[in-house]
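Take a short walk through a protein chain, a few residues at a time. Have the sequence and the model side by side.

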Amino acid sequence: MKNKFSGIFITFLFSLMYATHPFTVGEKLIYSAGFQLLSAGQATMELELDSLHGHPYLHITSTTKTNSILDVLYKVRDRIEVWIDPEYFFLRKVVKQIREGKYRKNYTALIDNQNLTVSSDNRTISIPDNVFDPTSIIYYLRSQELKIGKQFKFYTYDNGKLKEILVNITQKEKVNVPAGNFNCYVVSPISANNKKLLKNNGHMKIWYSDDPKKLPVKIEQKTNIGTMVLKLK
């Protein structure tokens, strides 16, 4: 009974704090994934509420799964879970289970937002400020006013690496995805120190719908095997 009441109370608090936010608990975004004209599979992002040490956190689960055709060539079954602060979107915990071809990786990191440390793989490092990860940035930007020319600055912690990045809103475009046609702001992250942001000289763009929901309707990332495009279904 105590756990049930705690869950109801946390949900109630969140509903009071974030009644005006564009996303809601239980939201699940489903994307088709592909390379140009080649269908590759499906990706999802799902938002839930959870608690760590009695404090409420947003719990976001992202999955990527190749289809049966690509499974023969390069099977992908990735699952990433992040717990983020419900007010400031700082990263608190991340758990990754990566399955890409023959590559296997399990990874967990805990962030101490008060003492500014990250603990993972039996080691602890200091960080200069609270950190985000790519998923928490996506939801943070949905909570902000978006307009051309605006810039955001973040420290990110991802795959054991600390980076300082800038996120620029560069332009507006109309895009067509399975979920419909949208007028969008184009968001592009870059490294703050001119170093490579993503491996293999990759670049990323995200298209946010210019409406109250600010949906990330399209995500594009260059990889060593081509440009992966996620389109909201």
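A strand here is a DSSP run of E with at least two residues, and strands are numbered from the N terminus. The model is predicted.

Start with Thr-117. This residue lies in strand 7.

Move along to Asp-121. This residue sits in the loop between strand 7 (117-120) and strand 8 (123-126). Is Asp-121 buried or exposed? Its relative accessibility is 51%. Exposed means over 50%, so Asp-121 counts as exposed. Its backbone deserves a look too. Asp-121 is not a glycine, yet its phi is positive, at about 50°.

Lys-214 is another residue to check for its phi. That angle is positive, at about 50°, and Lys-214 is not a glycine. Lys-214 is in the loop between strand 12 (204-209) and strand 13 (216-223).

Finish in a helix. Ser-136 belongs to helix 3, which covers residues 134-142. Its relative accessible area is 0%, so Ser-136 is buried. Which residues does Ser-136 contact, leaving aside its neighbours within four places in sequence? They are Ile-84 and Phe-89. The side chain of Ser-136 also has a polar partner. One of its polar atoms lies 2.8 Å from the backbone nitrogen of Asp-133.

How values were computed
Residues are numbered from 1 along each chain as its sequence is written. This is a predicted model: local features need pLDDT of at least 70, side-chain atom pairs count only at pLDDT 80 or more; totals for chains, interfaces and linings use all residues. Side-chain values use heavy atoms; hydrogens and water are left out. Helices (H or I, at least four residues) and strands (E, at least two) are DSSP runs, numbered from the N terminus. Buried means under 20% relative accessible area, exposed over 50%, partly exposed in between (1.4 Å probe, protein chains only). A polar contact is a pair of N or O atoms within 3.5 Å; within protein, one must be able to donate a hydrogen and the other to accept it, and residues adjacent in sequence count only if both atoms are side-chain atoms. Contact means heavy atoms within 4.5 Å.
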